[in-house]
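The sequence and model are shown first.

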Amino acid sequence: IIRVFYPPHISTPKGIQETLTLLRSKLYIQKVFNYTALNALVVRGSADQITKAEQLIQAQDQLAKATP
């Protein structure tokens, strides 16, 4: 499965890169790519990995929203 995420509150290249690193290190998803121009993360994995990736990205997005 391939899914593209557009987290609205993770708006810096650093934030995208940190989220990408978390996906690779915590969920062991190696097929993660970022496209900074569109503020997008592309994730390829099993259905279970995609579900967990969505949860992690949402958590990171909420954290970015709460941080000024």
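## Strand pairing

Two strands pair if DSSP finds at least two bridges between them. Helices (H or I, at least four residues) and strands (E, at least two) are DSSP runs, numbered from the N terminus. Strand β2 (residues 31–35) is antiparallel to β3, with 5 bridges. Within this pair, Phe33 has Val42 of β3 as its bridge partner. A hairpin is formed by β2 and β3, with 4 residues between them; Asn39 in the turn has a positive phi of about 55°.

Strand β3 (residues 40–44) also runs antiparallel to strand β1 (residues 2–5), through 4 bridges. Phe5 lies opposite Leu41 in β3.

## Model and numbering

The model is predicted: local features need pLDDT of at least 70, side-chain atom pairs count only at pLDDT 80 or more, and totals for chains, interfaces and linings use all residues. Residues are numbered from 1 along each chain as its sequence is written, and side-chain values use heavy atoms, with hydrogens and water left out.

## Overall fold

The protein chain has 2 helices and 3 strands, in the order β-α-β-β-α from the N terminus. Its radius of gyration (over C-alpha atoms) is 11 Å, close to the 11 Å that the globule rule (2.2 Å times the number of residues to the power 0.38) gives for 68 residues, so the chain is as compact as a globular protein of that length. Along the principal axes, the C-alpha atoms fill a box of roughly 35 × 20 × 15 Å.

Among contacts (heavy atoms within 4.5 Å) with a separation of 6 or more, 59% are between residues 24 or more positions apart.
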